[in-house]
Amino acid sequence: MQRNCLFIVISDNADLTHSLTIVRVALDVPLHRCFDYLAPEATPADVGRRVRVPFGRRSVIGVIVELPEHSDFLPAQLKPVEEILPEPVLPAAWFRLARFCASYYQAPLGEVMLSTLPAGLRRIAPPKARQPKPPKTLPQPSPSPELTQEQVVALETIRAGGTGFQPYLLFGVTGSGKTEVYLQLLADVLQAGGQALLLVPEINLTPQLEGRIAARFPAAGMVSLHSELTEAARLRNWKAAASGSARIVLGTRLAVFTPMPDLALIIVDEEHDPSFKQQDGMRYSARDVAVFRAHDGKVPIVLGSATPSLESWANATAPEMRNRYKLLTLKARAVDQSRLPAVQRIDLRREKTEEGLSGILLEAIEKRLARGEQSLVFLNRRGYAPVLACTACGWISNCKRCAANLVLHMADKRLRCHHCGFEQRVPRTCPTCGNQDIHPFGRGTQRLEEYLAEKFPKARILRADRDVAKSRKQWEALVEKIHAGEADILVGTQMLAKGHDFPKLTLVGVVGADAALFAADCRAPERLFAQLMQVAGRAGRAALPGEVLIQTQYPDHPLYAAIVAHDYAAFAATQLAERKMAGFPPYSYQAMLRAEAPQMADAIAFLATARAWPEIEHYPAITLYDAVPMRMARLANLERGQLLIECASRPALQAFLSVWREAIEGIKAPSRLRWHLEVDPLEF
Ligand code: ADP
Ligand code: ZN
Ligand code: ZN
């Protein structure tokens, strides 16, 4: 990020006849400082109110963070505020959260504050809010089932832990009844007059949960907060949470910043999910922020997952982490007829395939068709084929803007870059040599769908990926169709793997998963494991037993062995042992400095300058790795480099980063170079 636009607001017409009350205002600018203005009418009660102030030639919205006695500027240099906006008043807990994020993630306080408010509060002219009309008569609450023994133990443990800060890791396979535990906890909180915050990784997961919560607690005024709400709806829901009228808040990562005056419990469902990590602006982890918030607010926090992040797993089980989290385990599925699916590996070194599908898998699908059950073929790659190529001259369809291939989409005959969005028509002939014989290589969901339609002409086939379900509405319609039994075979990406109960689905075929086994990213196995467990969890959730077939060239790989045994603990133990040997998180703490520029040499030179910072000798605990190009070195015409920072101590890393960041801000760089620091990076 460019940070060289410092300027000072100078005004010679400040009216000195008023008293000189100064307000310090946080503004949404990429500078690590706040701005002083004059506000004769301001009182300490205005801290936390928004203000409209002149900034450059514009008027902008900021937040009053304090009323300082003195300013570094002369009164005559300060401009008066234009307006103090009466409501809402942002509470002290919200300030602490914003300050924590600013310091932990090395982000400017003003950016943190303004970017985490709903857009409607950042605008000079806010959207007209319609009133939230409550239904006249509330429906009867749906009853809760009798709890399983494991659910009772989990609940009693959490209840015995009291109302103060304590993190719990609720570890249970899909269908083991974690959500039911959340609902019981919500009931406790409502009973005691508290508010609860429930975070989920994706909008797609909210409708089902929304339905379940609303049915159980019709009077709780539950609101949801996610990016597909209209600006007005989002503002309305945010206000309902902040005023305390909504007792339950269900949301995606940004919802972690919602003020809640009576907050008594935080739940993070699917806590391992990478979607909790914000990938631009302030790169925060909503799960980690939630843990800080629970600590700061002195409330319990429950992290739930079938495949916890290794960080959380270590916090709950590794002796060196002193059991910071309490581990609660649900081993069995809650409904007794539904057993865990039988998982088998199909050895592709022995089996022949047709369009990538083995005879065994095709037969298994056929059986399901005959029985009127559903099958899911899971392939985590959308499009028709990942690349189009000419066998005569070696041309391949690559993106001119990125170090990536253009993916062939047959449905609308386009080549698309999945990274920068660039697209073009599919050429009829090779653009280099004119050869008419150009071929798609590899396969994506569209190609499987096409093949399955030929192979099983009577079957109703439904593809579920981001190309067919672009919005939440489309997604809901699709899920509806699957539920209504309007599909015999589903072909889908990980979109379909998460959080859905399809009672007739009894077979899951996993295709093309091997690629992730040997990826350069040390977190790839963790993600693959989570994905496979999740997709396996789709099979056989009701009375029908489920079967999972994994096609692989590496049937002996320990990751697959752990999946077959449904043994997350064994998998996590091997991963943690490897991480410990390598000194990787959670056994160390990391940050990443990234730079992007039209020329790679500029990006690398910038990082090298940052690395050569002379003061580094005062920070012996810090390891700075070499500046290197990123794995995907070019994105949208920018060359990208990175530099990894590692340290065994989190406080030592934090202390270093805040000083080093200031030094980096002083580096002279080409005007088109952008840089940012990411703390606890997930991608390498
Ligand atoms: P998870 O969140 O772990 O995937 P859920 O809480 O959604 O599990 O439970 C899976 C299914 O089992 C749901 O249909 C739920 O209604 C049902 N269920 C959960 N707990 C019980 C219980 N104690 N008795 C009967 N059914 C239950
Ligand atoms: Zn060619
Ligand atoms: Zn591209």
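Q: What should I know about the numbering and the values?
A: Residues are numbered from 1 along each chain as its sequence is written, and side-chain values use heavy atoms, with hydrogens and water left out. In this predicted model, local features need pLDDT of at least 70, and side-chain atom pairs count only at pLDDT 80 or more.

Q: How many salt bridges does a search of the whole structure find?
A: Side chains of opposite charge can pair when their charged atoms come close. Here a salt bridge is a side-chain nitrogen of Lys or Arg within 4 Å of a carboxyl oxygen of Asp or Glu. The search finds 43.

Q: Which side chain meets Asp296 in a salt bridge?
A: That of Arg96, at 2.9 Å from N to O.

Q: Is Arg634 buried or partly exposed?
A: Buried means under 20% relative accessible area, exposed over 50%, and partly exposed in between (1.4 Å probe, protein chains only). Arg634 has 25%, so it is partly exposed. Glu639 has 17%, so it is buried. Their side chains form a salt bridge at 3.4 Å, N to O.

Q: Where in the chain do Arg650 and Asp680 lie?
A: Their side chains meet in a salt bridge at 4.0 Å, N to O. This pair links distant parts of the chain, 30 residues apart. Arg650 is in helix α16 (residues 650-665), and Asp680 is in the segment after β30 (674-679). Helices (H or I, at least four residues) and strands (E, at least two) are DSSP runs, numbered from the N terminus.

Q: Which residues are linked in a network of salt bridges?
A: Lys277, Arg283, Arg594 and Glu678.

Note on methods
Chains lettered and ligands numbered in written order.
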